[in-house]
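Here is a short briefing on one protein chain. Look over the sequence and the structure, then read the points below.

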Amino acid sequence: DAYLIAIVCVTPLTGFLLRRMGHRRLLTLSTLGILASAIAASAAPSLPILIGAVFVLGLFVAPVQPATQSLLIGAFPGEHGALGMALWGAGSTVGVMLGYTAGSVLAEEITWRVMYAPALLLGAVTILLVRRFAPNHAARADAIDWLELAAFGAGILGFGALLNIGPELGWTDSPFSFALAAMGVAGFVIFAMRYRRGRGRFVNLGVLRDRHLTLAIVIAFGVAACSTGQIETAELGTLLNFDGYFIGVRGALGGVAWLIGVLGGGWLVAKIGARNALLVALLVLVWGRFGYTAYEPGLNMMDALWPNIVTSLGYGFVGTSLAVLAFRNVPKNLSDAASSLYVLGWQLGPALGVAILNGFVATREAGMIAQGVNEMEARILAASGAIWLEFSCALVLVPLVYWFRRSPRRGTVSKPAAP
């Protein structure tokens, strides 16, 4: 939770940090911070220090994804955008898969303190590559409205923490939940007031005037919210009695399907266009989510596997095709601000999705138990209802594809969005 909260807090600031520091300095600083915080986490003598180190790790990890994405947007312009997004997505996917696998094996076979070793080994190579290839064009250092920055950080931190720990604390049962909500509301109100004055803006919300970008952020948020996989994985282990080995194999196959979808998304965009590719991607995702609705006692292994594979494939397709549409009309000088908000949509989706699903399952299960339903049956029915909710959410996203223009108009030049 601390890691995710830190990422959500810093990601929107990436465009501002890039303007002041440039890609080379920001990525170098982020990599050094990741290495230092990983060492601190590995050597943490107590749980509070470990949580603090992981929080700091998230702060330095947050700018990496939007900063590298904005680099590829500039390196693969126009019709080559699909290739750039496919390569970027493939790198992210392979990194997640290898990091998760290597970390799990090291923690299981040796100790959890060495699970950050892969990051340490790759850190030096990353710094050399960044220093060699990343540009270092920092813009003029604009004045900073520190009150606006602090208010924005408080708003993001308040709501980000509430979404992550609200289900555990109880939305209405804990004074701490109310305090987080109050901090989030107050932060965003003050931020909005300062932003309207137009002094020292560090988040360029003007890029949201681009319909393609705004619609892509909405779809990214929705896809991420309904694709957490938390309910299905928990149901396999606790309710349907599948062992950990099978769940691990299922996850690995899903990761491979995700990678195929990311790479295949670039090919699909080149063949049928980005909008049609996104439509196909969402339909594949919906098909996989519908397969999860068959999760019930007596489920066989094949029916437990194929929905995860199809959903992961669709998720990969969506990632590539949606990124191409999101940045189709964004000027190069605004790609940093646009990428920060786009990545934030993908990150906020799971936090909200998990909070809603956990609340839904807990409320429905308690209600059925109060009506006399036995605990196991109530848990199965509540999980089934959450899966249907995820399916419905994915289905609602499909018609939004038609709000994208079929192709950019020729002979026109996108105007920079006002700050």
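Threonine 14 belongs to helix α2, which covers residues 14–42. The model is a predicted one. Is threonine 14 buried or exposed? Its relative accessible area is 0%, so threonine 14 counts as buried.

**Around threonine 14**
- Leaving aside residues up to four places away in sequence, threonine 14 touches Leu26, Ala62, Pro63, Pro66, Ala67 and Ser340.

**Overall make-up**
- The protein has 15 helices and 0 strands.
- Of its 419 residues, 47% are buried.
- Take the contacts between residues at least 6 apart in sequence: 81% of them join residues at least 24 apart.

**Packing of α9 on α14**
- Helix α9 spans residues 211–225 and helix α14 spans residues 335–370.
- Their axes come within 7 Å and cross at roughly 25°.
- Angles under 35 degrees count as roughly parallel, and α9 and α14 are therefore roughly parallel to each other.
- The crossing of α9 and α14 is right-handed.
- On the α9 side, the contact is made by Leu213, Ala216, Ile217, Ala220, Phe221, Val223, Ala224 and Ala225.
- On the α14 side, the contact is made by Ala338, Leu341, Tyr342, Gly345, Trp346, Leu348, Gly349, Pro350, Leu352 and Gly353.
- How many residues of this contact are nonpolar, polar and charged? The contact of α9 with α14 has 15 nonpolar residues, 3 polar and no charged.

- Side chains of opposite charge can pair when their charged atoms come close.
- The salt bridge count for the protein comes to 3.
- One of them joins arginine 289 to glutamate 390, with the closest N and O atoms 3.0 Å apart.
- Arginine 289 sits in helix α12 (residues 274–292) and glutamate 390 in helix α15 (residues 375–397), so the pair ties together parts that are 101 residues apart in sequence.
- Arginine 289 and glutamate 390 are buried.

**Salt-bridge network at arginine 379**
- Which residues are linked in a network of salt bridges? Glu365, Glu375 and Arg379 are.
- Glutamate 365 and arginine 379 meet through their side chains in a salt bridge, at 3.5 Å from N to O.
- Why are glutamate 375 and arginine 379 separated by about one helical turn? They are 4 residues apart in helix α15, which means about one turn of the helix.

**Exposure within the network**
- Glutamate 365 has 15% relative accessibility, so it counts as buried.
- Arginine 379 has 30% relative accessibility, so it counts as partly exposed.
- Glutamate 375 has 49% relative accessibility, so it too counts as partly exposed.

Terms used. Residues numbered from 1 in each chain as written. Predicted model: local features only at pLDDT ≥ 70, side-chain atom pairs only at ≥ 80, totals over all residues. Heavy atoms only, no water. Axes fitted to C-alpha atoms, helices over the stretch in contact; angles between N-to-C directions. Helix = DSSP H or I, 4+ residues; strand = E, 2+ residues; numbered from the N terminus. Parallel < 35°, antiparallel > 145°, perpendicular 65-115°, else oblique. Left-handed = near helix turned anticlockwise from the far one by under 90°. Contact = heavy atoms within 4.5 Å. Nonpolar A, V, L, I, M, F, W, Y, C, P; charged D, E, K, R; others polar. Salt bridge = Lys/Arg side-chain N within 4 Å of Asp/Glu carboxyl O. Buried < 20%, exposed > 50% of the residue type's maximum accessible area, 1.4 Å probe, protein only.
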